[in-house]
Amino acid sequence: MSLATAVQPLSAVDHERAMRDYGQRAEARAYALGNRGPIRVGGDGKLLPEILDSYWTNGFYVFQGVVGPEELAELRTEIDGMIARAPVAPDATIDRHGRPTSTDGILKPAYKWARPLSDPVGGTDKNNGRHPAAMLQPAPGAGAPAWTVELLDGNLHLSDACLRLYGHPGLLTVAASILGDDFVPYNEVTFVKEPGLGPSVAWHQDGTTHWNAPDWDQGAHGFNFMTQLYPSTAANGVWVLPGSHKLGKADIKRMVAECGSDRIDGAVPMLCDAGDTIVTNRQLVHGSFANSSPDRRITLNEGFFPRRRVLNVTTRRLHGALETYDQARIDARTRIIQIAIDARRQRFPHEKSYFYRPLAGRENENRWNETTRASVLKNYNQLDMFI
């Protein structure tokens with residue numbers, strides 16, 4: 001007679017210990033890449049060639065000290081306020097303080113939820129099936145809530161501080177240096193990784209449209225800015241496989257199977273301090289583990305594309321709908337860039353504003369005021385573009 005051995009679920013404590021060991025081995029490799037430093041431009045007003053070379057070699061670059069202490073405090077305060085106003089559960093009508101919640105005419109829900117330390121998409125057909133392998137899902141500690149906020153959608157309408165960050169002249173210079181002066185926006189969200197609760201985001205590549213294009217290249221699907229409001233560590237941060245943006249569509253399921261774990265060999269964490277911004281190629285193989293650590297991560301994500309990869313392109317969004325991005329759609333969505341530039345000018349008048357060439361001469365119709373807040377910014381993410 002034999003007795004079946006019960007498999008004990010992975011605890012958050014054991015997961016944190018495993019991630020600590022994995023992270024320590026990878027941290028030295030991450031720093032050895034040498035792809036970090038302040039935003040530095042040359043006489044042509046573009047990023048220095050050595051920074052661009054490092055970005056294209058590795059697929060990401062850590063820009064240090066982008067957000068100063070005063071602006072960082074404003075961003076933290078506004079994001080904390082948004083999280084505090086979240087319903088206590090996906091179908092609830094009150095927040096954690098018992099106050100009634102209201103969508104205030106917002107068409108796309110501002111909050112996305114997940115079970116603590118779960119993997120909501122890995123190994124499923126969600127998001128066009130771009131997350132083919134599941135991550136480990138440790139059991140949360142005692143007293144964990146049933147749900148945790150994993151994402152805030154529509155940063156630029158929900159937070160004035162986020163809108164001002166969007167107009168940051170240094171970051172917009174980076175965008176133009178990588179994508180060309182006529183770069184266009186994708187979307188803007190906040191990733192929330194509360195300590196001991198934050199869910200994973202299974203390994204994936206962001207792009208879904210141009211993999212088989214005859215003129216495909218290493219920048220075909222654009223990039224994301226990831227501004228960190230708290231330090232990004234090996235335990236709570238995003239991991240990437242350096243250089244994978246150059247290799248086309250990856251067989252992530254095979255990678256995970258060969259490793260025998262969700263901890264892919266050769267990956268490194270994108271390590272940085274609060275106030276740093278990471279620029280990340282959307283074709284990189286990347287993902288994040290369940291945040292069983294004691295450290296919070298809040299990431300402000302802003303995505304941008306090369307205009308030629310979007311104009312008159314028909315593609316399937318992550319929710320399944322087919323869309324074509326014509327010139328009118330692009331013009332409407334890019335207005336947000338100019339409005340953000342003006343919002344930043346009003347808050348930081350001594351800072352030299354960025355000059356966004358596609359909207360030259362249209363500055364007056366794209367001023368930041370209560371009229372444009374209501375007529376342009378509200379529900380602006382209905383115009384998000386995805387490739």
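## The second largest cavity

In this predicted model, the second largest cavity is lined by Glu150, Phe191, Val192, Lys193, Pro199, Ser200 and Val201. The space inside the second largest cavity is about 40 Å³. Strand S5, residues 184-193, gives the largest share of this lining, with three residues. Sorted by class, the lining holds four nonpolar residues, one polar residue and two charged ones.

## The largest cavity

Rolling a probe the size of a water molecule over the atoms shows where empty space is left. Four cavities of 30 Å³ or more are counted, and the largest has a volume of about 50 Å³.

The lining of the largest cavity is made up of Ile106, Asp153, Gly154, His157, Leu158, Leu377, Asn379, Tyr380 and Asn381. Four of these residues are nonpolar, four are polar and one is charged.

## The sheet

Strand S5 also belongs to an open sheet of eight strands, ordered S1-S2-S10-S7-S12-S5-S4-S3, with mixed pairing. Strands S1 (36-37) and S3 (111-114) stand at the edges and have a single partner strand each, so one side of each lacks a neighbour in the sheet.

Within the sheet, S7 (residues 223-228) and S10 (residues 277-281) run antiparallel and are joined by five bridges. Phenylalanine 225 lies opposite valine 279 in S10.

## Helices on the sheet

Helix H3 (residues 69-84) packs on the sheet and touches S3, S4 (148-153), S5, S7 and S12 (297-305). The direction of H3 makes about 100 degrees with that of S12.

Helix H7 (residues 169-179) also packs on the sheet, touching S2 (60-63), S7, S10 and S12. Its direction makes about 155 degrees with that of S7.

Conventions: Residues are numbered from 1 along each chain as its sequence is written. This is a predicted model: local features need pLDDT of at least 70, side-chain atom pairs count only at pLDDT 80 or more; totals for chains, interfaces and linings use all residues. Side-chain values use heavy atoms; hydrogens and water are left out. On a 1 Å grid over the protein atoms alone, a cavity is a set of points where a 1.4 Å probe fits but cannot get out, and a pocket is an open set with protein on both sides within 12 Å along at least five of seven lines; lining residues have an atom within 4 Å of a point. Grid points are joined across faces, edges and corners, and a volume is the space filled by probe spheres set on the points. Ala, Val, Leu, Ile, Met, Phe, Trp, Tyr, Cys and Pro count as nonpolar, Asp, Glu, Lys and Arg as charged, and the others, Gly among them, as polar. Helices (H or I, at least four residues) and strands (E, at least two) are DSSP runs, numbered from the N terminus. Two strands pair if DSSP finds at least two bridges between them. Contact means heavy atoms within 4.5 Å. Axes are lines fitted to C-alpha atoms, for helices over the stretch in contact, and angles run from 0 to 180 degrees between N-to-C directions.
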